[in-house]
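Student: I would like to learn how to read helices and cores in a protein model. Could we go through one slowly?

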Amino acid sequence: MKFKKILILGGAGYLGMHLVDSLSVYNRITIFDKKKIKKSTKSVKFICGSLLNKKDLHKIPKNIDIAIFLIGYTGGPESLLEEKLKKYIELNCETLINYLATITSNTLKKIIFVSTEHVYGEHKIEDNKEIFPKNYYGVSKHISEKIAHSFYQANKINVDIIRVPRIISKNQESIISKMIKTAKSKKIIKLNFHCNYFNFIYMDDFIEAIKCTLIFKKKEFRILNIFSNSRPIKLFEI
């Protein structure tokens, strides 16, 4: 199998490290992240830097085939606070703008931007209909998707937008893992959001979805929903 040179921006986080471990088997990986890690091996190179620091932008390698963009500020209660909007725009939009401005090499074949189901707000997935995010996390991700689309139109470099729900795994603490621990200890499971609907995806399924996008070579701009919000589930049902 021919090795691909893959740049994972924000690859030092929990999600990124799972992706690195899986993709580094058959690919050459470069991690760009402000979080320092000891992960340099024959197939994995680490570069410490921030996309908000102009002095670090020159560190980003040019000779790569695929870029996977994971950098961003996630949702939660803060995503409803107006005073946090600036932070969401800075970490979810300006970082992408700064990275795209560094791209000069014609070797880049694809950009994979990991977005979120939050761009839909409370609406179902429907083709050719405007979406209305209900929090600033979703708003900032939607803006970034528009930025990526403008980049595609100008450069005709393949761009895949991956919209995902909450990603869970057996080794990560989450709503589900807390419920399981409580159940095993035979305690009462207390829910603050028992009426809210949620979508989930397992880590392995997310990684497989990313792998599938790596082999798609046609120059297109695609939005891929790696879930179906027509069938969300209440925590009470779980």
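This is a predicted model: local features need pLDDT of at least 70, side-chain atom pairs count only at pLDDT 80 or more; totals for chains, interfaces and linings use all residues.

Student: What span should helix α2 have, and how far apart are its end C-alpha atoms?

Tutor: One can compare an expected length with the distance between the ends: at 1.5 Å a residue, the 16 residues of α2, residues 85–100, should span 22 Å, and because the end C-alpha atoms are 22 Å apart, the two values agree.

Student: Which residues of α2 are buried, and what covers them?

Tutor: The buried residues of α2 are Y88, L91, N92, C93, T95, L96, Y99 and L100, and their cover includes β1 (4–9), β4 (66–69), β5 (110–116) and α3 (136–155).

Student: Which residues have the most contacts inside the largest nonpolar core?

Tutor: In soluble globular proteins, nonpolar side chains tend to be buried together. Here the largest nonpolar core has 25 residues, and I6, I8, L19, L23, I29, I68 and F206 have the most contacts inside it. The element that gives the most to this core is α5, with five residues. A second, separate core has 24 residues, among them I60, I71, L96 and I111.

Student: How are the buried residues of α5 placed around its axis?

Tutor: In α5, the buried residues are M203, F206, I207, A209, I210, T213 and L214. Seen down the axis of α5, these buried residues fall within an arc of 155°, so they line one face of the helix.

Methods: Residues are numbered from 1 along each chain as its sequence is written. Side-chain values use heavy atoms; hydrogens and water are left out. Helices (H or I, at least four residues) and strands (E, at least two) are DSSP runs, numbered from the N terminus. The expected span of a helix is 1.5 Å times one less than its number of residues. Buried means under 20% relative accessible area, exposed over 50%, partly exposed in between (1.4 Å probe, protein chains only). Contact means heavy atoms within 4.5 Å. A nonpolar core is a set of buried Ala, Val, Leu, Ile, Met, Phe, Trp, Tyr and Cys residues joined through side-chain atoms within 4.5 Å. The arc is that of the directions from the helix axis to the C-beta atoms.
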